[in-house]
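The exercises that follow ask you to read a structure step by step. Try each task on your own before you go on to its solution.

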Amino acid sequence: MTGKELQKLRRQDILQLLLAQSREAARLQEEQQELEEELLRIEKNNEHLTRRLSEKDVLNHKLKGRLEEKDRRIIELETESELWTVHKDKVIDEAGSVADAALQLNGVFDAVQRAADQYLYNIRQRCEALADRLYQDPEEGSDWISGWDSNSREDM
C-alpha cells in the first residue's frame, strides 16, 4: 500500500491492518522458534550419529587387526602343513615302500589335517557370528568381541 492509500484509510482500518500485521509477526515468530528447536534436535541427532560412526570405526579397526592376526596364523598353519608334507615325503623315501610309509604317517597327517580344518572352521564361524552381531547390535558386538578376544587367547 502506498502512503496516499494509507492516508485515505480510516483509523479503524489502519488499526485492523496493524493488528493483522502483529498477528502475522507473532505467527512467524512461533514458526521461527519451532524451526530453531527442530534444528537443535537435528544437530543433537547428528552428534549422536557421529559418535556412533566413530565407535564403529574403532571397532572396525580392531576387527581388521584381529583378521590380520588370524590370516598370519593361517599362513603359519599352511607352512606347518607344508613342512609336514615335506617330512612325509622324506619318510616315504626312506621307508621301504609307499605302503609302509602310508601306514606310519596317515594317522599323524589325518590328525594334523583335522586340527587345521577345525581351526579354520572355528575362525570362519566366529568371524561370521561377529559380523552378524555387529550388524544387529554394535554395542553387543563390542562386548562379544571383548569376551571373544580373551577366549581366543586361551585357545592358542
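The structure shown is a predicted model, and the accessible surface of the protein chain comes to about 12800 Å², of which 52% belongs to carbon and sulfur atoms.

**Exercise 1.** Describe the secondary structure of the protein chain, and state what share of its residues is buried.

*Solution.* Begin with the elements: the protein chain has four helices and zero strands, and read from the N terminus their order is α-α-α-α. Next, turn to burial, for which a residue must have under 20% relative accessible area; buried residues make up 13% of the 156 residues in the protein chain. Finally, consider the contacts between residues at least 6 apart in sequence, of which 52% join residues at least 24 apart.

**Exercise 2.** Determine whether R10 and D13 are buried, partly exposed or exposed, and say how their side chains meet.

*Solution.* Start with the pair itself: the side chains of R10 and D13 meet in a salt bridge, with a distance of 3.4 Å from N to O.

**Exercise 3.** Find the positions of the partners in the salt bridges R73 with E76 and R27 with E31, and describe how accessible each residue is.

*Solution.* Take E76 and R73, whose closest N and O atoms are 3.4 Å apart. Both E76 and R73 lie in helix α2, and their separation of three residues is about one turn of the helix. E76 is partly exposed at 46% relative accessibility, and R73 is also partly exposed, with a relative accessible area of 28%. Salt bridges that share partners also join E24, R27 and E31 into one network. For accessibility, R27 counts as partly exposed at 39%, and E31 counts as partly exposed at 36%.

**Exercise 4.** Which residues form a negative surface patch, and why does E30 count as exposed?

*Solution.* First name the members: E30, E34, E36 and E37 form the negative surface patch. Then locate one of them, E30, which lies in helix α2, spanning residues 11-94. Last, apply the cut-off, by which exposed means over 50% relative accessible area; E30 is exposed because its relative accessible area is 52%.

Methods
Residues are numbered from 1 along each chain as its sequence is written. This is a predicted model: local features need pLDDT of at least 70, side-chain atom pairs count only at pLDDT 80 or more; totals for chains, interfaces and linings use all residues. Side-chain values use heavy atoms; hydrogens and water are left out. Patches are made of residues with over 30% relative accessible area and no salt bridge: like charges are joined within 9 Å, nonpolar side chains (Val, Leu, Ile, Met, Phe, Trp, Tyr) within 5 Å. Accessible areas come from the Shrake-Rupley method with a 1.4 Å probe; for residues, only the protein chains shown count as cover. A salt bridge is a side-chain nitrogen of Lys or Arg within 4 Å of a carboxyl oxygen of Asp or Glu. Lys and Arg count as positive and Asp and Glu as negative; His and the chain ends are not counted. The place of a charge is taken as NZ of Lys, CZ of Arg, CG of Asp or CD of Glu. Helices (H or I, at least four residues) and strands (E, at least two) are DSSP runs, numbered from the N terminus. Buried means under 20% relative accessible area, exposed over 50%, partly exposed in between (1.4 Å probe, protein chains only). Contact means heavy atoms within 4.5 Å.
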